[in-house]
Every structure is written in C-alpha cells, then in structure tokens.
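Take a look at the structure below. This report goes through a sheet, the helices on it and one further helix.

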Amino acid sequence: ALAGARAAAAAMSVFVTRRIPPEGLRVLSQASGYRVRQWDSEEPVPRAELLSGVAGTRGLLCLLSDRIDREVLDAAGACGAPCSPRHPRALGTGPAAPIVLTGPDLKVISTLSVGFDHLALDEIKKRGIRVGYTPDVLTDATAELSVALLLAACRRLPEATEQVKSGGWTTWKPLWMCGYGLSDSTVGIIGLGRIGQAVARRLKPFGVRKFLYTGSGPKPESAAEFGAEFVPLTRLAEESDFVVVTCALTPATQGMCNKDFFGRMKKTSVFVNTSRGAVVNQEDLYEALAHGQIAAAGLDVTTPEPLPTDHPLLSLKNCVILPHIGSATYATRSTMAVLAANNLLAGLRGEPMPHELKL
C-alpha cells in the first residue's frame with residue numbers, strides 16, 4: 001500500500017478544463033509521470049467542478065472562458081508557502097510517518113489562448129506560478145477572420161443573403177444593397193501588434209490609401225511596412241473609414257470605444273472588433289448604429305459571451321456578430337492545443353516554455 005502511495009505521489013496531476021483538440025491531449029497523455037484529468041465536454045467547466053478539479057493539481061490547462069482567480073488558486077493549494085493543515089497532502093494511513101507533499105501544489109498554468117485577462121496575474125505572480133500562453137500561432141487565422149468580418153459588414157453580406165432567402169431580391173437595382181469599399185480608404189488599427197500588423201498586411205492589397213494606428217506608443221519598425229502613422233485615438237476615430245480593434249484588454253483599453261469615440265467617427269465608417277468585448281461600450285455602440293452615427297459594425301467578441309439572444313445589437317441589420325471564432329481553423333486550434341500542452345509540460349519539468357508569459 002505504501003509503495004502504491006509513493007507511486008501516486010510521483011505522478012503529477014494535470015487538470016484540463018475542457019475537451020481540446022486530440023493532438024494536444026495526446027501530448028499530455030503520452031508524457032510519462034503525469035496523471036491527466038479532464039472536464040470532457042464542449043461546454044465550460046462549472047465553477048464547482050473547476051474548484052474540485054484543481055484541488056491538489058500541479059498543472060492546469062485552461063481556456064479564456066475559465067476565470068482563474070484567488071478562489072481557484074486557493075482550491076488548488078497554491079498557497080505560496082508550505083501547505084497548511086487546512087489542505088494537507090498526506091498519503092498513507094495510520095500514525096506511522098505519512099508521506100507529505102509540502103509547498104504549493106499548483107506550479108504551472110497554461111492557457112489555450114493568446115489573451116490572459118481571465119487570469120488573476122497579481123495573485124499568480126505572488127504565488128510563484130508560471131504561466132504559458134499561445135501567441136503567434138493564431139495570428140494568421142484571426143487576421144483572416146478580421147478581414148472577412150470587415151468585408152461582411154461593409155458590403156452588407158449577411159443582410160444581402162437574407163434578402164435572397166426571403167424573396168427581397170426582385171431585380172438588379174442601382175442603389176440597392178450598396179455598401180462601402182476599401183479602395184482609396186483610410187484604415188485605423190487600434191493595437192498594431194502581431195494581429196494588427198497581419199490585418200494591415202492583408203488589407204493593403206485592397207488599395208487602402210492610408211493606415212493610421214494607435215496604442216501604448218509608436219512602433220516605427222512595425223509601421224514602416226504599411227507607411228502607417230501613429231496618431232491619438234481621437235484622430236484615428238475622426239479620419240478612419242474603417243476602424244479595426246486588435247489590442248489587448250487592459251485597464252487602459254477597457255471601454256475605450258465609447259460614446260465619444262463613436263461620435264467622432266464618420267457616418268460612413270465601419271467598426272470591427274476582434275480583440276475583447278470589454279474594449280467596447282456596447283450600449284454606446286448600439287446607439288451609434290441605431291441612429292446612423294456610423295454605418296456598420298462587425299464583432300467577433302462581445303460582453304458577455306455568448307451574447308443573449310435578445311440583446312439589442314442583434315436586432316440591427318448593420319451589425320454582424322460572430323461567436324468568437326477568430327482562431328477557428330482546424331490547423332490553428334490543433335497547433336494551439338499542442339503548444340499549450342508543451343508549455344505545461346515544460347513548466348512542470350522546470351524547463352523554458354515555448355511561450356511563457358513573463359510576470
């Protein structure tokens with residue numbers, strides 16, 4: 001029995017919070033010395049199951065929909081000090097010298113996402129937990145989706161498709177279903193990071209005349225490829241025919257696209273967000289769209305997710321909303337899963353992660 005207890009102690013427990021692409025799970029299951037547990041569902045793990053699942057685990061592979069806060073870290077035993085009697089990790093029975101695993105249980109968090117606003121980073125850093133994430137691998141897929149969403153919104157594709165289905169298409173009409181094109185336009189990009197640059201790279205061949213961008217500071221080397229000009233947010237709003245949001249969600253960017261922002265945009269402008277829903281004040285966006293302050297919008301992210309089916313934005317013909325599918329290609333999701341698994345394993349082995357978030 002004692003030998004069995006020692007073997008169980010030697011196997012490090014890993015908890016996966018969702019059904020992930022099989023390539024990623026295979027990486028974990030084939031690694032020796034790890035006991036993999038998984039919430040095997042397409043739906044998010046219930047809070048109670050998450051708290052139960054992380055208890056005593058050394059590695060956590062989570063998704064951006066999983067709120068990893070102090071409560072979860074406490075449940076995992078990530079106390080940042082030798083384990084207290086409140087959550088002893090004693091193995092064996094009886095009074096004879098049990099094997100005790102001391103110290104915090106949770107060592108590594110690997111998120112299957114490029115964003116990390118769902119992680120309580122201050123608490124995680126305080127407890128000495130390493131964090132892996134999945135940048136770069138979803139850049140192309142998200143940029144492609146951003147362009148597709150922009151075109152769908154500015155050329156009114158969902159609305160036009162509905163007209164075909166409903167019998168609204170009667171004949172060719174000179175002014176019917178007209179939208180706005182990219183040729184000779186000005187495109188403003190909020191956040192000229194990897195995804196922002198990839199979006200600009202794809203839009204440039206459409207004949208865009210000028211690129212503007214804003215963010216925490218100028219990026220002359222990145223901007224040079226597109227001749228992009230760094231401007232304040234207000235000027236970007238005023239001069240852009242198309243606004244594409246690809247920035248990270250931070251305290252500085254939360255709610256930045258608000259009534260004032262939309263009020264500065266042209267009435268013919270199109271707004272696209274593929275970053276995080278909380279960057280946008282959705283009530284202000286609704287008012288801007290409903291009252292013709294801007295022409296159209298395309299959203300791949302909302303607050304909350306999923307968006308309630310009775311939300312006012314869904315009643316608008318000039319608002320295209322997708323269910324957060326920016327990285328949803330088979331190849332990209334598989335690559336993300338493998339990277340997340342390798343991040344987790346490297347962290348547990350004390351090795352450099354392929355992509356570690358420096359806290």
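## The sheet

How many strands does the open sheet have, and what is their order? There are 6 strands, in the order β2-β1-β3-β6-β7-β15. Their pairing is mixed. Keep in mind that this model is predicted.

Strands β2 (34–38) and β15 (356–357) stand at the edges. Each has a single partner strand, so one side of each lacks a neighbour in the sheet. The partner contact of β15 can be followed in detail. Strand β7 (residues 130–132) pairs with β15 in the antiparallel sense, over 2 bridges. Gly132 has Glu356 in β15 as its bridge partner.

## Helices across the strands

Helix α2 (residues 22–29) lies across β1 (12–16), β2 and β3 (59–62). It runs at about 145 degrees to β2. Helix α3 (residues 47–54) also lies across β1, β2 and β3. Its angle to β1 is about 165 degrees.

## Helix α12

Which residues of helix α12 (residues 282–290) are buried? They are Gln282, Asp284, Leu285, Ala288 and Leu289. These residues cover an arc of only 155 degrees around the axis, which puts them on the same side of α12. An α-helix has 3.6 residues a turn, so residues three or four places apart point the same way. The cover over the buried residues of α12 includes α11 (259–264), β12 (270–273), β13 (296–299) and β14 (319–321).

Now the two ends. At the start of α12, a side-chain oxygen of Asn281 comes within 3.2 Å of the backbone nitrogen of Glu283. After α12 comes Gly292, with a positive phi near 75 degrees.

Note on methods: Residues numbered from 1 in each chain as written. Predicted model: local features only at pLDDT ≥ 70, side-chain atom pairs only at ≥ 80, totals over all residues. Heavy atoms only, no water. Buried < 20%, exposed > 50% of the residue type's maximum accessible area, 1.4 Å probe, protein only. Helix = DSSP H or I, 4+ residues; strand = E, 2+ residues; numbered from the N terminus. Arc of directions from axis to C-beta. Contact = heavy atoms within 4.5 Å. Polar contact = N/O pair within 3.5 Å; in protein donor to acceptor, adjacent residues only side chain to side chain. Pairing = 2+ DSSP bridges. Axes fitted to C-alpha atoms, helices over the stretch in contact; angles between N-to-C directions.
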